[in-house]
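Biologist: I am new to this protein and would like to go through it with you. Could you bring it up, please?

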Amino acid sequence: KDYIYLDNSATTPLKPQVMEAMEEASLVFGNPSSQHALGRKAHALIEDARRSLGEVMGYDPKGLIFTSGATESDNLAIRSLAKRARKEGRNHLITSMTEHPAVYETFKHLAQEGFDVTFLDPQEKGAVSAQQLAKALRDDTGLVSLMQVNNETGAITELEDIVDLLQGRDIFFHTDAVQGFGKLPLAKGLDAITITAHKLGGPKGVGALWMKTAPQALIYGGHQERDARPGTENTMGIVGFAKAAALASEATDLARLEEQRKLILEALNEAGINYHINEGEKTYPAILNLWFPNHRAMQLLIRLDLQGICVSAGSACSAGSLEPSRILQSLRPGTAAGEESLRISFTSETSDEELLSFVKTLAQIMKG
């Protein structure tokens with residue numbers, strides 16, 4: 001290959017085993033809702049995938065609904081739970097300033113629809129703590145939504161602590177687990193969980209939502225997926241999703257990821273590059289967000305790209321925005337970090353040579 005790929009938080013390459021599983025599934029082309037043999041076979045593939053994903057999650061597979069991806073799943077969960085809470089007299093919702101756009105923008109729209117939304121700002125902590133959340137809870141709070149792993153900085157939310165805090169309260173708790181699923185364990189006791197395939201070596205265009213009770217549909221049509229997500233299921237994609245999740249949960253090597261992170265930082269130090277790490281109190285090691293003072297991130301990104309190195313200046317879903325990252329504005333208020341930071345995201349399959357080549361090329365660009 002003629003590139004070095006260090007943007008795995010945006011998406012990951014399709015694993016060969018996943019492609020093989022999808023090719024086999026493509027032969028079972030019947031509509032899963034059809035009653036004939038080929039339809040029943042397709043339906044069986046989907047149910048097998050549902051069971052497999054449930055095992056990886058540690059949750060009852062009956063609660064899984066397949067969607068087109070995490071953005072749809074986030075919208076489906078948040079809108080359903082917010083409306084349910086409102087019907088029960090609880091109109092106050094809580095999320096954070098550092099959520100993925102699929103969550104953040106949904107809550108902004110809910111605020112316009114008359115919900116009372118609190119956006120917590122974790123600042124240097126990187127993620128909302130149970131103590132910070134406790135101060136924001138009210139008698140009319142109906143929903144909390146906080147991501148497991150931040151897509152830009154890798155900051156980890158201690159979901160177990162928040163589940164404990166909300167225990168016994170009539171408050172729904174949703175998490176966008178897209179960046180952590182298959183890599184870190186999920187807390188027990190969640191009400192809704194968003195996951196997607198393409199962050200795990202699976203296909204794009206397929207995701208899932210786990211919910212304790214069936215969500216209210218956003219679109220209307222057939223009776224697929226517990227009446228919550230009408231439309232003919234993406235059998236190939238769903239099979240690929242389950243295969244990718246099973247492979248990821250078996251292969252995640254946090255010790256290896258820590259070593260790779262250390263290797264990058266040591267190489268930066270040896271090269272004499274001035275940088276600061278944009279990270280929270282607890283961080284997933286394979287997402288390394290670095291602030292390079294006095295170096296515009298987009299200029300570095302373009303010049304690295306010309307050398308065949310793929311990195312990111314933030315969330316892929318915010319690409320093209322002229323606004324600086326609100327995640328980095330929260331973490332480093334009053335600084336230029338939002339315009340001068342790069343995200344390097346790798347996997348345990350990324351070679352040491354690739355990581356060192358990135359640092360060497362970056363040093364040449366900065367000195368040139």
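**A walk through the model**

Modeller: Let us begin with arginine 50, which is located in helix 2, residues 37–57. Please keep in mind that this is a predicted model.

Biologist: Is arginine 50 buried or exposed?

Modeller: Arginine 50 has a relative accessibility of 9%, so it counts as buried, the cut-off being under 20%.

Biologist: Which residues does arginine 50 touch, leaving out those up to four places away in sequence?

Modeller: With those left out, arginine 50 is in contact with Pro61, Leu64, Ile65, Phe66 and Glu225.

Biologist: And which strands does helix 2 lie across?

Modeller: Helix 2 lies across strand 2, strand 7 (192–196) and strand 8 (207–211), and its direction makes an angle of about 115° with strand 2.

Biologist: What is the strand order in the sheet of seven strands?

Modeller: The order is 2-8-7-6-5-3-4, in an open sheet with mixed pairing. Strand 2 (64–67) and strand 4 are the edge strands, each pairing on one side only. On average, neighbouring strands of this sheet are turned by 20° against each other, direction ignored.

Biologist: How many bridges join strand 5 and strand 6?

Modeller: Strand 5 (residues 141–145) and strand 6 (residues 172–176) are joined by three bridges, in the parallel sense. Leucine 143 has phenylalanine 172 in strand 6 as its bridge partner.

Biologist: Why is strand 3 described as largely enclosed by the rest of the structure?

Modeller: Strand 3 (residues 92–96) is largely enclosed because five of its five residues are buried. His92, Ile94 and Ser96 lie on one side, Leu93 and Thr95 on the other, and both faces are covered. In a regular strand, side chains alternate between the two faces of the sheet.

Biologist: What about its pairing with strand 4?

Modeller: Strand 3 pairs with strand 4 (residues 116–120) in the parallel sense, over five bridges. Serine 96 has leucine 120 as its bridge partner in strand 4.

Biologist: Let us change topic. What is the order of the sheet of three strands?

Modeller: This open sheet has the order 9-10-12, with antiparallel pairing. Strand 9 (276–277) and strand 12 (341–345) are at the edges with a single partner strand each, so one side of each has no neighbour in the sheet.

Biologist: How do strand 9 and strand 10 pair?

Modeller: Two bridges link strand 9 to strand 10 (residues 287–291) in the antiparallel sense. Isoleucine 277 is opposite leucine 290 of strand 10. Helix 8 (residues 254–270) lies across strand 9, strand 10 and strand 12, at about 20° to strand 10.

Biologist: Where is glycine 338?

Modeller: Glycine 338 is in the loop between helix 10 (326–331) and strand 12. Its relative accessible area is 16%, so it is buried. Not counting residues up to four places away in sequence, glycine 338 touches Pro324, Ser325 and Leu328.

Biologist: How far apart are glycine 338 and alanine 313 in space?

Modeller: They are 8.8 Å apart, C-alpha to C-alpha, and 25 residues apart in sequence. Alanine 313 is in the loop between strand 11 (309–310) and helix 10. With a relative accessible area of 28%, alanine 313 is partly exposed. Its contacts beyond four places in sequence include Met298 and Leu342.

Biologist: Which residues make the nonpolar surface patch?

Modeller: Met298, Ile302 and Leu306 make this patch of about 330 Å². Isoleucine 302 lies in helix 9, residues 297–306, and is partly exposed at 46% relative accessible area.

Conventions. Residues numbered from 1 in each chain as written. Predicted model: local features only at pLDDT ≥ 70, side-chain atom pairs only at ≥ 80, totals over all residues. Heavy atoms only, no water. Pairing = 2+ DSSP bridges. Helix = DSSP H or I, 4+ residues; strand = E, 2+ residues; numbered from the N terminus. Contact = heavy atoms within 4.5 Å. Axes fitted to C-alpha atoms, helices over the stretch in contact; angles between N-to-C directions. Patch = residues over 30% accessible without salt bridge, like charges linked within 9 Å, V, L, I, M, F, W, Y side chains within 5 Å. Areas by Shrake-Rupley, 256 points an atom, 1.4 Å probe, with all protein chains shown as cover. Salt bridge = Lys/Arg side-chain N within 4 Å of Asp/Glu carboxyl O. Buried < 20%, exposed > 50% of the residue type's maximum accessible area, 1.4 Å probe, protein only.
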